[in-house]
Amino acid sequence: VAELLTLPEGLETLESAYLELGNGRAVNRPRTHTHLPTATPGHFYRFKSMEGGLTASGVYALRITSDILRFRGAGGANRQEKLPAAGDGQYLGLVFLFSVESGDLLAVFPDGVIQGMRVGATSAIGAKRLSRPETRRIGMIGAGTQARWLLRALCLVRSIESVRIYSPTPESRSRFASEMAVELGVPVHAVENAKDAVQGADLIATATSSLDPVLDGDWLPPGVHVASTTHREIDDRTLLRADVLIVNCRDGGGQDYTSGDTPDQGLVLQSKLHRKRPVDWSQKPELAELLAGKAAGRTSENQVTLFLNNIGLGIQ
């Protein structure tokens, strides 16, 4: 998959897909999660599925994942971890691609590369439409695989000149800074706290597995754009300060089902269902509507804009 699909191609394809969705020529089913306990204390099983189809491409896709998860604390926050428990230390995720014209199964392929690419590219599409064109400095919170995809994608849509990165694990943020600086040809500096990472940034990017907010809305400078990868990372103050708030999907909860003996059942549901928030995003415009010209984006230099990547979509 990595050899066949490049990130620029992924960005272009996703923009077309969202435009189709905004113009009523695509269908999307929100994702579903089901959970069961395992024989290992503190671990639980999750099966996830999502699907969607595009008229212009004539394809329909179903994505499934079969995962083992656990929760742990890191940096003062609860975090959800997916464990490489399948086969010889691997994850299991598959995409099934069907022909809308004949019903044929066209392909079955692993979802790992596309999973990272589509989340990062989606937030970058939001940044392309909502951030100021002169955006040059990124403040990033998160140093995992998803953060790498997000930073790569952001550097394709804006002429980035510097990046500051914070992660609660010093080794992770240092490794991220050194490796991404070489890959992107942009200075990337690791810092010791999240506030320092976002101070003076034109664009703030969050890409973590935290179940608790990692960004304080009081840190936001005028004119900044915030690019999230999950709604859980964003605190209530950021939601209230956003002059323009675009969501990936108004139906941002999905469907979650757990057995009564699933461990950490409350955390399982917290990780998927949004808490009571001061802003009702079920009333906010979607990214597809923004691309289709049915919703307004940034209209002034000083506005704070936010793309809330609140749930994944089957069309991706």
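Helix α2 passes helix α3 in a right-handed crossing (right-handed if the near helix is turned clockwise from the far one by less than a right angle, left-handed if anticlockwise). The model is predicted, so local features need pLDDT of at least 70 and side-chain atom pairs count only at pLDDT 80 or more, while totals for chains, interfaces and linings use all residues. Residues are numbered from 1 along each chain as its sequence is written, and side-chain values use heavy atoms, with hydrogens and water left out.

**Exercise 1.** Work out at what angle the axes of α2 and α3 cross, and what residue classes make up the contact.

*Solution.* Begin with the elements, which are DSSP runs numbered from the N terminus (helices are H or I with at least four residues, strands are E with at least two). The axes of α2 (residues 112-130) and α3 (residues 145-157) come within 8 Å and cross at roughly 40°; axes are lines fitted to C-alpha atoms, for helices over the stretch in contact, and angles run from 0 to 180 degrees between N-to-C directions. That angle makes α2 oblique to α3, since angles under 35 degrees count as roughly parallel, over 145 as roughly antiparallel, 65 to 115 as roughly perpendicular and the rest as oblique. Next, list the contact (heavy atoms within 4.5 Å): among its residues are Val-113, Met-117 and Ala-121 of α2, and Trp-149, Leu-150 and Ala-153 of α3. By class, the contact of α2 with α3 has 11 nonpolar, five polar and one charged residues, where Ala, Val, Leu, Ile, Met, Phe, Trp, Tyr, Cys and Pro count as nonpolar, Asp, Glu, Lys and Arg as charged, and the others, Gly among them, as polar.

**Exercise 2.** Decide whether α1 is oblique or roughly perpendicular to α3, and name its contact residues.

*Solution.* The axes of α1 and α3 come within 10 Å and cross at roughly 75°, which makes α1 roughly perpendicular to α3. Leu-7, Pro-8 and Leu-11 of α1 meet Trp-149, Arg-152, Ala-153, Leu-156 and Val-157 of α3. These residues divide into seven nonpolar, no polar and one charged.

**Exercise 3.** Describe how α1 packs against α2.

*Solution.* The two helices pack at an angle of about 70°, with their axes 9 Å apart, and are therefore roughly perpendicular to each other. The crossing of α1 and α2 is right-handed. The contact includes Leu-14, Glu-15 and Tyr-18 of α1, and Ile-125, Lys-128 and Arg-129 of α2. Sorted by class, the contact of α1 with α2 has eight nonpolar, two polar and four charged residues.
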